[in-house]
Amino acid sequence: MQKLVVANWKSHKNLSEAEAWCETMLGLEPVSSLMILTPPFSLLSAVQNLADERRDLVLGAQDISPYPAGSYTGAISARNLEGLNVQYVIVGHSERRQHFGESHQDVAKKVAQAIEVGVTPIVCLDEDYIADQAQAIDAELLERCVVAYEPLSSIGTGDSADPAEAAQIKDRIQKVFGLVPVLYGGSVDEDNVATFTEYFDGVIVGGESLDATEFHSLAQRA
Ligand code: PGA
């Protein structure tokens, strides 16, 4: 299977920075992995052209409302994403759990909202709550998820997990979710990416995704 390499820009970049990233990426050669660019919602329109031009890149969102379309001021519903070419959505990132108080139940609702409109959820987990999170999700939907194992101690710290030890967590995840693709996230860079894709179906990349050339070369090595 083609490796999935997610660029999670988090809350970085304004419009001109996003456009510059896309322009650089457009000039770089094709890669054999599938790059999934997840910009902030406000920049999704600005990156459409890149996804149209590159066959090795698709778009994702960083979050989705747990509620359907309706009176939820400020929330981005699954319906709001329609027409924007969004194929994946990150749900339950530890930063959302920590700073926005998201519960396993909230994440489960987001999974259901995404799947309803044909968007694949990428469910982020640390090893302590694999079973609890899975239990909150409708059992029929588990196998339609991609899961990302993101150890808290590795996110944004430069201290990535040991790939072989992390691979044991992949097995635990697949025992609960079924044989879904499992990604690793947490301080992935150009130098260590290949050690992770030896065991995992792909990676989520935060800091190292902000520069187009660096991210491209990471994706090439995945
Ligand atoms: P990092 O972030 O690559 O900057 O560690 C990964 C993530 O939060 O998904």
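A pocket is an open set of grid points, on a 1 Å grid over the protein atoms alone, with protein on both sides within 12 Å along at least five of seven lines. In this predicted model, the second largest pocket has a volume of about 200 Å³. Its lining comprises 18 residues, and those closest to the centre of the pocket are Lys10, Gly156, Val205, Gly206 and Gly207. Classified by residue type, this lining contains 6 nonpolar, 9 polar and 3 charged residues.

The second largest pocket is the site in which the ligand sits. The ligand is surrounded by 13 residues, with Lys10, His93, Glu150, Gly156 and Ser187 the closest. This shell divides into 3 nonpolar, 8 polar and 2 charged residues. In the side chain of His93, an N or O atom is found 2.7 Å from a ligand oxygen. Gly206 places a backbone N or O atom 2.8 Å from an oxygen atom of the ligand, and for a backbone N or O atom of Gly207 the distance to a ligand oxygen is 2.9 Å. The ligand exposes 280 Å² when taken alone, and 95% of that area is buried by the protein.

Among the 24 residues that line the largest pocket, Phe41, Gln62, Asp63, Arg96 and Phe100 lie nearest its centre. Two or more lining residues come from each of helix H4 (94-99) and helix H5 (104-116), and H4 makes the greatest contribution, with 3 residues. The lining of the largest pocket consists of 9 nonpolar, 8 polar and 7 charged residues.

Conventions. Residues are numbered from 1 along each chain as its sequence is written. This is a predicted model: local features need pLDDT of at least 70, side-chain atom pairs count only at pLDDT 80 or more; totals for chains, interfaces and linings use all residues. Side-chain values use heavy atoms; hydrogens and water are left out. A residue is near a molecule or strand if one of its heavy atoms lies within 4 Å of it. A polar contact is a pair of N or O atoms within 3.5 Å; within protein, one must be able to donate a hydrogen and the other to accept it, and residues adjacent in sequence count only if both atoms are side-chain atoms. Accessible areas come from the Shrake-Rupley method with a 1.4 Å probe; for residues, only the protein chains shown count as cover. On a 1 Å grid over the protein atoms alone, a cavity is a set of points where a 1.4 Å probe fits but cannot get out, and a pocket is an open set with protein on both sides within 12 Å along at least five of seven lines; lining residues have an atom within 4 Å of a point. A molecule sits in a cavity or pocket if more than half of its atoms lie within 2 Å of its grid points. Ala, Val, Leu, Ile, Met, Phe, Trp, Tyr, Cys and Pro count as nonpolar, Asp, Glu, Lys and Arg as charged, and the others, Gly among them, as polar. Helices (H or I, at least four residues) and strands (E, at least two) are DSSP runs, numbered from the N terminus. Grid points are joined across faces, edges and corners, and a volume is the space filled by probe spheres set on the points.
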